Amino acid sequence: MLKGRGATTQSEQHREFAGLALRHVDELYAAAMRMTKNDKDAEDLVQETYMRAYTFFHRFQAGSNCRAWLFKILTNTFINGFRKRRKDKEITGALNVEPTLPRCMPADPAPPSPDPANDPNGRYFGDEVQAALAALPANFRTAVILADLHDFSYAEIADAMGCAPGTVMSRIFRARRLLAERLSTYAAERGVVNQRRALAA
């Protein structure tokens with residue numbers, strides 16, 4: 001628990017939270033887009049993540065990795081029924097944080113950059129890659145997103161997903177294999193892999 005957190009004023013807590021947490025909003029949104037496969041759902045997921053994070057900010061360990069903590073909340077929120085209960089307003093109803101915290105996402109989010117070089121969070125891919133990633137089972141997709149697009153370790157992903165590191169390794173291995181199978185022709189056409197290897201795969 002953060003030292004002296006109980007003695008801070010609400011405005012001080014807002015400033016501390018904003019300084020630590022809001023800098024990661026773009027990366028969280030990129031991950032949420034991959035998880036939910038829908039921009040509106042991604043925005044809702046990020047909003048819920050930040051509301052949960054603010055609510056439990058008193059539990060955040062001072063000096064620890066805020067980015068990893070936020071991604072853990074994002075992942076848990078997605079896995080634990082987010083897709084099945086979008087209309088459930090228990091978080092918003094129980095908390096009154098909207099007036100005190102700015103919206104994390106703009107009202108009209110800008111479209112992803114078409115140039116991957118200008119997109120360090122991996123938000124943009126060709127349609128074939130988007131479709132292959134979206135077709136993965138949710139647990140496989142989440143694991144490979146956290147590993148390959150956001151560079152989390154197996155241990156960090158295991159903590160975020162609430163499973164053993166060995167399970168994470170298995171999910172990532174299988175996800176990469178499925179992606180390779182589905183994208184072999186696409187990769188060969190773009191010169192990423194040898195055409196003969198792709199056709200023989």
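Residues are numbered from 1 along each chain as its sequence is written. Since the model is predicted, local features need pLDDT of at least 70 and side-chain atom pairs count only at pLDDT 80 or more, while totals for chains, interfaces and linings use all residues; side-chain values use heavy atoms, with hydrogens and water left out.

Of the 201 residues, 41% are buried, with buried meaning under 20% relative accessible area, exposed over 50%, and partly exposed anything in between (1.4 Å probe, protein chains only). Looking at contacts (heavy atoms within 4.5 Å) between residues at least 6 apart in sequence, 72% join residues at least 24 apart.

In soluble globular proteins, nonpolar side chains tend to be buried together. Here the largest nonpolar core holds 44 residues, a core being a set of buried Ala, Val, Leu, Ile, Met, Phe, Trp, Tyr and Cys residues joined through side-chain atoms within 4.5 Å. The members that touch the most others are M35, V46, Y50, W69, L70, L74 and I157. Helices supplying at least two residues each include α1 (10-21), α4 (66-79) and α9 (165-189). Setting aside neighbours within four places in sequence, M35 is in contact with L45, L74, T75, F78, R141, T142, I145 and L146.

Helices α4 and α7 pack at about 170°, their axes 11 Å apart; the axes are lines fitted to C-alpha atoms over the stretch in contact, and angles run from 0 to 180 degrees between N-to-C directions. On the α4 side the contact uses F71, T75, F78 and I79, and on the α7 side A138, N139, R141, T142 and L146. Also in α4 is T77, buried at 4% relative accessible area. Its C-alpha atom is 8.9 Å from that of R52, 25 residues away along the chain.

As for charge, the whole structure contains six salt bridges, each a side-chain nitrogen of Lys or Arg within 4 Å of a carboxyl oxygen of Asp or Glu. R67 pairs with E27, the closest N and O atoms 2.6 Å apart. This one ties together distant parts of the chain, with R67 in α4 and E27 in α2, 40 residues apart; E27 is buried at 14%. R52 turns up again as the partner of E48, at 3.3 Å between the closest N and O atoms. Both lie in α3, four residues apart, about one turn of the helix, and E48 is buried at 9%. In α9, E181 and R177 are likewise four residues apart, with a closest N and O distance of 3.8 Å. E181 is partly exposed at 49%, and R177 counts as exposed at 52%.

R171, in α9, is buried yet has no salt bridge, the nearest side chain of opposite charge being D159 at 13 Å (Lys and Arg count as positive, Asp and Glu as negative; His and the chain ends are not counted). Leaving out neighbours within four places in sequence, R171 is in contact with N139, F140, A143, M161 and C163.
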